[in-house]
Amino acid sequence: MYENIDLSAKFDNFKNVYLMEKHRIDSYKKWPFNDNFPCSVVKMAEAGFFWSGNDKENDTATCFVCQKTLHGWESTDNPWKEHAKHAPQCQFVKYGRKEKDLLLEEFLVIFGIIYKSKMQREINRIREVFKAEVSDELENFRTQK
Ligand SMILES: [Zn+2]
């Protein structure tokens, strides 16, 4: 009864948060190191990094779970080691395994963390917009106390 559901299409709904390793691989447009290096696109994506660079600074990558951004990568860098060194608190680092070696339960924990932080960023953004829009009223609010 479920044979018509295309799971890869379902996963593509989460491309904007780089949930899957293939989403992270696809994000690399101008990475300076090829597949022969420890710091290749595939190895970066395995260790949780999507490309967050631009034309001027192409060696910048960000973790899809903890959002840690690192730049100035060198060809001999080990992405997992750099990740652990700069973000030891990251749940993906704590698991320390690439996507295909994660348990379903672990993958779902990662999914939850990503969406919680995405929602928190959205809440912060809305709050800043609100504060800017009603700053005069908020000023009044404070003086009435
Ligand atoms: Zn991380």
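Helices (H or I, at least four residues) and strands (E, at least two) are DSSP runs, numbered from the N terminus.

A quick word on what you are looking at. This is a predicted model, in which local features need pLDDT of at least 70 and side-chain atom pairs count only at pLDDT 80 or more, while totals for chains, interfaces and linings use all residues. Residues are numbered from 1 along each chain as its sequence is written, and side-chain values use heavy atoms, with hydrogens and water left out.

Leaving aside neighbours within four places in sequence, F64 is in contact (heavy atoms within 4.5 Å) with V17, Y18, L19, R24, G48, F50, F92, I110 and I114.

Now the metal. Which atoms are the protein donors of the zinc ion? They are C63 (SG), C66 (SG), H83 (NE2) and C90 (SG), lying 2.1 to 2.3 Å from the ion. Donors here are N, O and S atoms within 2.8 Å of the metal (3.2 Å for Na, K and Ca); water is not among the atoms, so sites may look incomplete. The angles between the four donor atoms run from 99 to 117°, which makes the arrangement tetrahedral; for four donors, that term asks for all angles between 85 and 135 degrees. Along the chain, the donors follow the spacing C-x2-C-x16-H-x6-C. C63 lies in strand 2 (residues 60–63) and C90 in the loop between helix 4 and helix 5 (91–95), so this pair ties together parts that are 27 residues apart in sequence.

Are these two cysteines buried or exposed? C63 is buried, at 0% relative accessibility, and C90 is buried too, at 1%. Buried means under 20% relative accessible area, exposed over 50%, and partly exposed in between (1.4 Å probe, protein chains only).

On to charges. The structure holds nine salt bridges, each being a side-chain nitrogen of Lys or Arg within 4 Å of a carboxyl oxygen of Asp or Glu. One of them joins D55 and K30 (3.7 Å, N to O). D55 sits in the loop between strand 1 and strand 2 and K30 in the loop between helix 2 (21–27) and helix 3, so they tie together parts that are 25 residues apart in sequence. D55 is exposed at 63% relative accessibility, whereas K30 is partly exposed at 43%.

Another salt bridge pairs K98 with E46, with the closest N and O atoms 3.4 Å apart. K98 lies in the loop between helix 5 and helix 6, and E46 in helix 3, so parts 52 residues apart in sequence are tied together. E46 is buried, at 11%, and K98 is partly exposed, at 25%. K43 joins E46 and K98 in a network of salt bridges.

Let me finish with E82, in helix 4 (residues 79–86). E82 is buried yet has no salt bridge; the nearest side chain of opposite charge, K85, is 4.3 Å away. Lys and Arg count as positive and Asp and Glu as negative, with His and the chain ends not counted.

Conventions. Four donors count as tetrahedral if all angles lie between 85 and 135 degrees; four count as square planar and six as octahedral if opposite donors are over 155 degrees apart and all others between 65 and 115; anything else is irregular.
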